[in-house]
Amino acid sequence: MTAQWKNSDVSSYTDNSPCPETNILLVDDKPANLLVLEEVLKRKDYHLVKATSGTDALRFLLQEQFAVVLLDVQMPGMDGFETARIIRENARTRDIPVIFITAKSLTTEDIEKGYAENAVDYMLKPFNPDILRTKVSVFVELHRKTELLRQQAALLARKVEAEKEARNVLTQMTDNLKRSNTELEQFAYVVSHDLQEPLRMVESFMQLLAKQYKGKLDDTADQYINFAVDGAGRMRQMIKSILHYSRINSSAIAYEPVDCNKVVDTVIAALGGAMEDNPVHFTCDALPRVVGDETKLYQVFQNLIGNAIKFRREVPLKIHISNPTLNQIPEPPNPPDAIKKGYHLFRITDNGIGMDPESGERIFLIFQRLHGRETYPGTGIGLSICKKIIERHGGQIWMQSQPGKGSTFYFTLPGENQC
């Protein structure tokens, strides 16, 4: 037996990398014939493996991949036809093309038998070297492309599996977050609801003490009682706000067409008293119709317009509501395509006290205040409620402001065609 073998890294082949050696199996019982084949097919990118029997050939085929087998027909023991039949019957090797090379004059029956056993071609000895090289190169190229496709398919399968696993992890995290948020909202609701009764009792008794013992105790006692009454009142407002906030996610959204012009008119009418005491130059462009919960959208406009009235300067207050396009605003959200297709953009601008731009995210957190209660009353939950409502409608809200130059609030809502 004469055999030569060398490991080669076929799996590293890609279109953009140098071709690795491709395995080609040469099978002939005469070493001289093998040397001739080796000389004809010698190339840097070919790894020529030589076997002098069908048994050796099958052993090599089970060890590594081959692009093509050049198989002698007449061999002692297991001849070429028998070897080809076993190659065809094995799942690992059945697709490897076989070229018969023989000095025997073949009958039609021989040729049909060879093709039935996986042969793709015959070449008679003595063969034309150029023709043999051309035929072998075709199968080598086919093998390389097939291997490349196999590798790409395996890589794609791994990527798909990795993406599937990542989606599963993300879905699990999202579900866990939703469950945690739901539990937290339920906890806030229950705690807030259960706190109301004892707090109401404390507040009532403190008010009774303040009424019955005012002037009967010293000034310090009166002051402490007033502090307690005031603190209980603030606590009641905060509990009420928490209940309101927790209901936003738990309550259903009644999605229906909403005329934003009518919503704004209703808000202005409700805030009329505040604007009579402090005149406001209020303007509003024609606003689009959206789809959403009219009651909750009323809260958004009421909070934003009410804040503009509250945080005013010692100059005539101006408030303007508009429906701009993205190219009409100085700093669109990042990324710009964050505004979904089919959503409308709203802008509420005032010339009030403004705020530090770095506070743009913090002001939407619950109970976050930028000013003392003595100057500007309130619980600091209005903008948190606005954010919750807008996000439940699938939109987003953000702010642009400068101290002493006013504030501008932007938010998006789904258009009527989203119904």
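Let's start with Asp-45 and Arg-43, whose side chains are joined by a polar contact of 2.6 Å; by polar contact I mean N or O atoms within 3.5 Å, one able to donate a hydrogen and the other to accept it, with residues adjacent in sequence counting only if both atoms are side-chain atoms. Asp-45 sits in the loop between helix 1 (31-41) and strand 2 (46-51), helices being DSSP runs of H or I with at least four residues and strands runs of E with at least two, numbered from the N terminus. Asp-45 is buried, at a relative accessible area of 13%, where buried means under 20% with a 1.4 Å probe and protein chains only.

A quick word on the source: this is a predicted model, where local features need pLDDT of at least 70, side-chain atom pairs count only at pLDDT 80 or more, and totals for chains, interfaces and linings use all residues. Residues are numbered from 1 along each chain, and side-chain values use heavy atoms, leaving out hydrogens and water.

Now, the aromatics. The whole structure holds six aromatic pairs, meaning Phe, Tyr or Trp rings (six-membered ring for Trp) with centres within 6.5 Å, called stacked under 30 degrees, edge-to-face over 60 and tilted otherwise. One of them is Phe-301 with Phe-346, edge-to-face at 6.1 Å centre to centre and 85° between the planes. Phe-301 belongs to helix 9 (residues 294-310) and Phe-346 to strand 10 (residues 343-350), so this pair ties together parts 45 residues apart in sequence. Both Phe-301 and Phe-346 are buried. Elsewhere, Phe-81, Phe-100 and Tyr-122 are linked into a cluster by ring pairs. Thanks, everyone!

Methods: Buried means under 20% relative accessible area, exposed over 50%, partly exposed in between (1.4 Å probe, protein chains only).
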